[in-house]
Amino acid sequence: MNASERAAHWQSIYSSKPLETCSWYQPVPQTSLDLIARLELPQDAPILDVGGGDALLVDHLLERGYTNLTVLDISANAIARAQARLGAQAASVQWVVSDVTAFQPEQPYALWHDRAAFHFLTSAEDLEAYNAAMQLGTAKGSKAIVATFSTNGPLACSGTAIQQYDEASLSQALPSNWHAVDVFQVEHTTPSGGVQEFTFGVFDRV
């Protein structure tokens, strides 16, 4: 898919499927929360959730006192759903509607978090554009948490082909100035009871 096709696809998904029925739904995104806590970031550190959609990570980070949160998603419908859910709290979050491959960050983020978008970028051109946005949106000392479907995971998601990653290939796919701190597999149970294996990586920009 090109960027316009991706946008139309995800607009359709988020206009027709309740969050609780989506395969990626997590009432508590425990792995991400545990990894973020381990980083010991200041609570006013700028944090970006790439492909955050209407997922609940932002809710939990607000509950934990983080004050400088940005959610980026390709789907305006997804962001509208998250804003409606959060109500008045939505004003405490920066919301960006953009394909990550076209994202032009206006600040460096202390944490680049992505559990949603990376494995959908299956072309070399899209991966290069993603990495360029990641470089522009971070600085030396920034952290990244990137999660993808593992080599034991699905081959597609929501009707779209994905790229699987293991420890080595995920590290190699990111820009060369990102150092892997920890890369491991996690099993996610979907709302329908299926099990999907993810590769999670924690990285430092050096």
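1. Contacts along the chain. In this protein, 69% of the contacts with a separation of 6 or more are between residues 24 or more positions apart; contact means heavy atoms within 4.5 Å. The model is a predicted one, in which local features need pLDDT of at least 70, side-chain atom pairs count only at pLDDT 80 or more, and totals for chains, interfaces and linings use all residues. Residues are numbered from 1 along each chain as its sequence is written, and side-chain values use heavy atoms, with hydrogens and water left out.

2. Overall make-up. The protein has six helices and nine strands; these are DSSP runs numbered from the N terminus, helices being H or I with at least four residues and strands E with at least two. Its radius of gyration is 16 Å, close to the 17 Å from the globule rule for 206 residues, so the protein is as compact as a globular protein of that length. That radius is taken over C-alpha atoms, and the globule rule is 2.2 Å times the number of residues to the power 0.38. Along the principal axes, the C-alpha atoms fill a box of roughly 40 × 35 × 30 Å. Of the 206 residues, 53% are buried. Here buried means under 20% relative accessible area, exposed means over 50%, and partly exposed is in between, with a 1.4 Å probe and protein chains only.

3. Cavities. Rolling a probe the size of a water molecule over the atoms shows where empty space is left. On a 1 Å grid over the protein atoms alone, a cavity is a set of points where a 1.4 Å probe fits but cannot get out, and lining residues have an atom within 4 Å of a point. Grid points are joined across faces, edges and corners, and a volume is the space filled by probe spheres set on the points. The count by this rule is two cavities of 30 Å³ or more.

4. The largest cavity. This cavity holds about 540 Å³ of space. It is lined by 34 residues, of which Tyr14, Gly51, Asp73, Ala116 and Ala117 are the closest to its centre. Helix H1 (3-16), strand E1 (47-50), strand E2 (69-73) and strand E9 (195-205) are the elements that give two or more residues to this lining. H1 gives the most, with three residues. By type, the lining of the largest cavity has 20 nonpolar, nine polar and five charged residues. In this scheme Ala, Val, Leu, Ile, Met, Phe, Trp, Tyr, Cys and Pro are nonpolar, Asp, Glu, Lys and Arg are charged, and the others, Gly among them, are polar.

5. The second largest cavity. About 50 Å³ of space lies here. The lining is made of Ile47, Leu48, Asp49, Leu57, Val58, Leu61, Leu69, Thr70 and Val71. Two or more residues each come from E1, helix H3 (57-63) and E2. Seven residues of this lining are nonpolar, one is polar and one is charged.

6. Packing of H1 on H4. The axes of H1 and helix H4 (residues 76-86) are 7 Å apart, and the two helices pack at an angle of about 35°. Axes are lines fitted to C-alpha atoms, for helices over the stretch in contact, and angles run from 0 to 180 degrees between N-to-C directions. On the H1 side the contact is made by Gln11, Tyr14 and Ser15, and on the H4 side by Ala76, Asn77, Ala78 and Arg81. These contact residues divide into three nonpolar, three polar and one charged.

7. Positive phi values. Which loop holds glutamate 40? Glutamate 40 is in the loop between helix H2 (30-39) and E1, and its phi is near 55°, a positive value in a residue other than glycine. Glutamate 40 is exposed, at a relative accessible area of 70%. Serine 158 also has a positive phi, of about 55°, although it is not a glycine. Serine 158 sits in the loop between strand E6 (156-157) and strand E7 (160-161) and counts as partly exposed, at 22% relative accessibility.

8. Glutamine 196. This residue is in strand E9. Glutamine 196 is buried, because its relative accessible area is 11%. Apart from neighbours within four places in sequence, glutamine 196 is in contact with Ser23, Phe149, Pro154, Val186, Glu187, His188 and Thr190.

9. Glutamate 128 lies in helix H5 (residues 124-136) and is exposed, with a relative accessible area of 60%. The C-alpha atoms of glutamate 128 and threonine 101 are separated by 8.3 Å, the two residues being 27 apart along the chain. Glutamate 125 is found in helix H5 and counts as exposed at 59% relative accessibility. Between the C-alpha atoms of glutamate 125 and threonine 101, 24 residues apart along the chain, the separation is 9.1 Å.

Note on methods:
1 Å grid on protein atoms, 1.4 Å probe; cavity = no way out; pocket = protein on both sides within 12 Å on 5 of 7 lines; lining within 4 Å.
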